[in-house]
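Take a look at the structure, then work through the exercises below.

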Amino acid sequence: MSLLTALRLNMTNIADPTARQADRYRAALDMAQFADERGLTAISAEEHHLAATSWLPSPLVLAAAIAGRTRTVRISINALIIPLYEPIRLAEDIAVLDNISQGRFSFVAGMGYRPEEYHAAGKEWARRAELMDRCLTVLLKAWGDQPFRHGGVLIDVTPKPHTRPHPVFFVGGMSAAAARRAARFGLPFSPPMAMPEVEAVYERELRNHGKTGFVYRPESGSRVTLLHADPTKPGRVTALSS
């Protein structure tokens, strides 16, 4: 089994949220370049808002900066809280990032668990499941080659992603509802740990919907699956297992 190595940049653990952090963010980019040059597998980040520890609130911005400083390492947002975003703008930002990184970017679409984050974004906590489904639907349509109706208007989002049919991403979560959602959309499911009962729900729902997928949880220790988008073959995503 090959060793997978990752640098995690959550920009957290700051006792004083008012502290100046420009030097820390500059150091994070230097670390990312160092990791890329030393052959690490991935650089990851996660999203949170209003955190007293200054947890990273803008992972897409940091991911784009990392993409500009690196050449081969994969870049992953392991928790992107997609219901907080306007779906069309999110589709555009991720498409641009996928082009900048030439397919090295991936993310785990999460719903989040903190009502205050929804309040800060002007989103209704009670509608989080509906917002999640809507965003997933729009993302998949926006990255397709055909125009689609959005708000009663026919639109065609550009640019299209480098990776086809769409950038690599997973549906995250710890509940049966999250597993059912991933299966319904035909997307891989990424729980944060081994959860046999929830994973069984995912596998059953995949069969019910006539779709294929897999569970991605690298910390399981028994099998790690990475999705690799080959920059020389846009449109092809290869599963590599170890």
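This is a predicted model: local features need pLDDT of at least 70, side-chain atom pairs count only at pLDDT 80 or more; totals for chains, interfaces and linings use all residues.

**Exercise 1.** Is phenylalanine 107 buried or exposed?

*Solution.* Buried means under 20% relative accessible area, exposed over 50%, and partly exposed in between (1.4 Å probe, protein chains only). Phenylalanine 107 has 0% relative accessibility, so it counts as buried. Phenylalanine 105 is buried too, also at 0%.

Residues are numbered from 1 along each chain as its sequence is written, and side-chain values use heavy atoms, leaving out hydrogens and water.

**Exercise 2.** How are the planes of phenylalanine 105 and phenylalanine 107 arranged in their aromatic pair?

*Solution.* Rings of Phe, Tyr and Trp (its six-membered ring) pair if their centres lie within 6.5 Å; planes under 30 degrees apart are stacked, over 60 edge-to-face, the rest tilted. Here the centres are 6.0 Å apart and the planes make 20°, so the pair is stacked. Phe105 and Phe107 also belong to one aromatic cluster with Trp143 and Phe169.

**Exercise 3.** Which parts does the pair of phenylalanine 189 and tyrosine 202 tie together?

*Solution.* First, the geometry: 5.5 Å centre to centre and 35° between the planes, a tilted pair. Next, phenylalanine 189 lies in strand 8 (residues 189-190) and tyrosine 202 in helix 7 (residues 196-209), so the pair ties together parts 13 residues apart in sequence. Helices (H or I, at least four residues) and strands (E, at least two) are DSSP runs, numbered from the N terminus. Finally, both phenylalanine 189 and tyrosine 202 are buried.
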